[in-house]
Amino acid sequence: MMAEYSAFSLLANALKGNRDWKPAWRKPDPKASYDVIIIGGGGHGLATAYYLAKEHGITNVAVLEKGWLGSGNVGRNTTAVRSNYLLPANTRFYEHSMKLWENLSHELNYNVMFSQRGCLNLAHTPAQFDDYARRGNAMRHLGVDAELMTPAQIKRLIPALDISDSARFPVVGGLMQRRAGTARHDAVAWGYARGADRRGVDIIENCEVTGFLRDGDRITGVSTSRGDIRAKKVAVAVAGSTGRVMQLAGIDTMPIESHVLQAFVTESLKPFIDTVVTFGMGHFYMSQSDKGGLIYGGDIDGYNSYAQRGNLPVVDEVMSEMLALFPGLARVRMLRSWGGVCDMSMDGSPIITAGPLPGMYLNCGWCYGGFKATPASGWCFAWTIAKDQPHDLNAPFTLDRFHRGLVIDDKGQGANPRLH
Amino acid sequence: MLITCPYCGPRDVIEFTYQGDGNRERPDPASQNFEAWNAYVYDRLNPAGDHNEIWQHSGGCRAHLKVVRNTLTHEISSVVFTRGDHGRGDHGSAARGKAEDKS
């Protein structure tokens, strides 16, 4: 396929007054039936459609999105991409994602602005530093880059950081993954959407699924706000709405709670920090966008919510943590805050599986780490849908692992979603 | 978000600890029904709308509370003690309410 966007096409279209650009995706009406329906036009659903078409040649596919494309979590996250996990199942999966990220702009012929600016986890006690050393060793053992940093190295990297002994939580070191970084999240949705559309996938916006068509137990399609649509296979990739959609299929309980996570951005500043930094004595992470705003967030609010907005205690906590690390930001103004609904699983790890009903495929449980997983999630989910069996990379991420004693609990928190 | 504790009155959510889905039934401790235990530990109702949930007033009177809260609006429609017999008598809100009525 010839690159649609190139220096030549930019120049040629500029000379013609930019009147001839094709829309990045069509606005088709839904057909009566498809081979595969993907519910959810977020990053994961669009990536799944793209890899179904590209890797498996399955192009008679519809992506159904209840709002507009990319209106959910793919446009609400804090854009960090990393693969610094402890447990092998997570490390392998997220490292596969990282490798896809490294070639994603080229692959999609769409600039997702993937910037490998590094991700630094700060340690504030010797025990935490030891724990980071263990995780770094586990990563390197599986071929992922990781390095420990001293306070002096960290100060050179992030001059604005308070690493003095008088800091509220003095920094004793950190764990750096240099290949981690950030990407432009909207471009990821739009790039996958265009790639899928050009291969024949129908992306149908403003089409809300209101029920499932059944033949006994088997799922044979969906009822939507735009009529019934039949399909041989129905794939669910709806993140925070997993509980609601599965209830439509008659499955009332899941190892999932939906929680709200808030994120924040400041007014634009001059270059301030050129890496992603995380706080070890609470839950705080921050990076700076190319526009100059500091993008940051902290913990989920900690109670079930579908509201896409949170409460003030978490705002207060996140700001406090920011100032504990960067006292110099005390007078910077916050520009916006927003919330997204996260599908918190019982062990903090995702679910990518065939089932739980015949004809159904499920992709959920991303907690608040789904953005970095987008390429591998779509890649593995497409494999699972096409071949009716998981790839080695997502074989551990089953739905029944909770009842079989095979949980993948990277943080060791137990079945308490608000702590993952 | 304010939760009106039956003992302490309306208090900020930061005084409370969330304990999740209040619809789950803990099996008898002697039960060897693994499926029931697994369901109790891992499976949750996750409704969009009114949700029965358990909170503890850990930063206050430490009572465990059964709360009905709407997950779409965060509006709380009911707060009672988790055990029906708990909190009644001299220290309960009902008794205190009556005392106030008399004054």
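Predicted model: local features only at pLDDT ≥ 70, side-chain atom pairs only at ≥ 80, totals over all residues.
**Sheet in chain B**

I started with the sheet in chain B. I found 4 strands in an open sheet, ordered S3-S5-S6-S7, with antiparallel pairing. At the edges I have strand S3 (17-21) and strand S7 (76-81), each of which pairs on one side only. I noted an average twist of 25° from one strand to the next.

Then I looked at S5 and S6. Strand S5 (residues 50-56) and strand S6 (residues 64-70) of chain B run antiparallel to each other and pair over 7 bridges. What is the bridge partner of B:Asp50 in S6(B)? I traced it to B:Asn70.

**Cysteines**

B:Cys5 is buried, I noted, at 2% relative accessible area.

A:Cys380 was my other check. Its closest cysteine sulfur belongs to A:Cys364 and sits 14 Å away, so that pair is too far for a bond as well. Is A:Cys380 buried or exposed? I have it down as buried, because its relative accessibility is 0%.

**A:Asp202**

I moved to chain A and picked A:Asp202, which lies in strand S8 (residues 202-204). With a relative accessible area of 7%, A:Asp202 is buried.

Which side chains make polar contacts with that of A:Asp202? I wrote down A:Tyr34 at 2.7 Å and A:Arg26 at 3.2 Å. Leaving out residues up to four places away in sequence, I listed what A:Asp202 touches: A:Arg26, A:Pro28, A:Asp29, A:Lys31, A:Tyr34, A:Val61, A:Ala62 and A:Val63.

**Contact between the chains**

Last, I looked at where A meets B. How many residues does each chain bring to the contact? I have 27 from chain A and 26 from chain B. The area buried between the two chains comes to about 2200 Å², with 52% of it from carbon and sulfur atoms. On the chain A side, I found that A:Asn304, A:Tyr306 and A:His403 lose the most area to chain B, together 28% of what that side buries.

Technical notes: Residues numbered from 1 in each chain as written. Chains lettered and ligands numbered in written order. Heavy atoms only, no water. Pairing = 2+ DSSP bridges. Helix = DSSP H or I, 4+ residues; strand = E, 2+ residues; numbered from the N terminus. Axes fitted to C-alpha atoms, helices over the stretch in contact; angles between N-to-C directions. Disulfide = S-S within 2.5 Å. Buried < 20%, exposed > 50% of the residue type's maximum accessible area, 1.4 Å probe, protein only. Polar contact = N/O pair within 3.5 Å; in protein donor to acceptor, adjacent residues only side chain to side chain. Contact = heavy atoms within 4.5 Å. Buried area = accessible area lost by both parts, 1.4 Å probe.
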